[in-house]
Amino acid sequence: ANPGTFEAARFTDYRAVGINRLSIGIQSFNGDSLTALGRIHDGKQAIRAAEIAHHAGFDNFNLDLMFGLPKQTAELARKDVEMAITLEPTHISYYQLTIEPNTFFHQSPPPLPDDEPINDWQLANQQRLAEAGYLQYEVSAYAKKGCQSRHNLNYWQFGDYLGIGAGAHGKVSNAATQSIERIVKQKQPQAYLDLVDSPQRILKQEQVGINDIGFEFMLNALRLTDGFAPSLFMQHCGMPLATIKNQLAEAEERGLIEYSVKWIRP
């Protein structure tokens with residue numbers, strides 16, 4: 001959900017129809033930072049959205065926060081984290097701004113803080129989140145006890161999911177053929193509706209190659225602080241862990257993973 005007034009006004013209705021968790025795209029509570037990001041809400045609307053979520057009966061919601069923003073300082077980054085904690089969400093996503101290809105920022109890069117101080121901010125603010133009871137369980141995810149995002153955990157543990165509607169992505173394993181298929185639906189809503197009864201509603205459909213499955217699993221599972229049980233690899237990839245024993249041995253030798261019979265973790 002976005003924190004603008006229009007969407008926040010619907011929170012009570014969302015709760016009434018049975019939705020029990022929200023994720024609100026705050027990004028920052030600082031007006032200059034929000035303007036630099038091209039966001040249409042301001043800091044007051046961001047705070048108000050969290051308050052409305054509480055009043056609407058959501059006892060489980062996430063706030064998205066970013067750091068390393070244009071012109072951001074250590075003090076501004078700290079204030080964002082402190083405000084998020086004050087609003088008492090059960091989950092906080094906290095991640096560094098990344099300049100992605102084919103975006104406005106990629107075409108016209110803004111001046112960003114240097115990496116070394118950003119790293120210091122991250123460590124300090126991770127410590128503050130931990131003190132407030134938000135434990136890091138994934139690269140950019142922090143949660144109160146028992147409030148980890150089940151939705152995202154499914155992705156990170158390489159589970160299956162259905163993509164429903166325009167622009168949706170799905171991943172489905174087929175036990176009979178021992179294959180994993182990725183499906184992408186038509187991106188534009190009208191095109192999707194026009195083709196909804198036709199196979200053409202699917203824009204892209206492909207099998208994950210046998211040489212890519214292990215890599216994709218690790219790419220996701222090793223985002224988790226506690227890693228994963230080795231049995232999960234066989235369960236979701238359909239091949240024994242021994243298939244990637246050389247890569248595991250190299251990663252362990254380089255100090256990138258810890259490896260035991262019970263778990264593999266970064």
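What is the relative accessible area of Arg-128?

A: The model is predicted: local features need pLDDT of at least 70 and side-chain atom pairs 80 or more, while totals for chains, interfaces and linings use all residues. Residues are numbered from 1 along each chain as its sequence is written, and side-chain values use heavy atoms, with hydrogens and water left out.

Arg-128 has a relative accessible area of 27%, so it is partly exposed (buried is under 20%, exposed over 50%, partly exposed in between, with a 1.4 Å probe and protein chains only). Arg-128 forms a salt bridge with Glu-131 (a side-chain nitrogen of Lys or Arg within 4 Å of a carboxyl oxygen of Asp or Glu). The closest N and O atoms of Arg-128 and Glu-131 are 3.8 Å apart. Both residues belong to helix H7, residues 115-131 (helices, H or I, of at least four residues and strands, E, of at least two are DSSP runs, numbered from the N terminus). Arg-128 and Glu-131 are separated by about one helical turn because they are three residues apart in H7. Glu-131 has a relative accessibility of 54% and therefore counts as exposed, whereas Arg-128 is partly exposed.

This pair is also part of a network of salt bridges that links Glu-82, Arg-128 and Glu-131. By the rule given above, the count of salt bridges comes to nine. Side chains of opposite charge can pair when their charged atoms come close.

Another of these pairs is in helix H5, which covers residues 74-86. There the side chains of Glu-75 and Arg-78 meet in a salt bridge, with 2.7 Å from N to O. Glu-75 and Arg-78 are three residues apart, about one turn of the helix. Glu-75 is at 39% relative accessibility, so it counts as partly exposed. Arg-78 is partly exposed as well, with a relative accessible area of 35%.

A further pair is made by Lys-171 and Asp-160, whose closest N and O atoms are 3.0 Å apart in a salt bridge. Lys-171 lies in strand E6 and Asp-160 in the loop between H8 and E6, so this pair ties together parts that are 11 residues apart in sequence. Helix H8 covers residues 150-156, and strand E6 covers residues 169-174. Lys-171 has a relative accessibility of 1% and therefore counts as buried.

Leu-162 is exposed, because its relative accessible area is 68%.

Leu-135 is another exposed leucine, at 52% relative accessibility. Leu-135 lies in strand E4, residues 135-138. Along the chain, Leu-135 is 43 residues apart from Ile-92, yet the C-alpha atoms of the two are separated by 9.6 Å.
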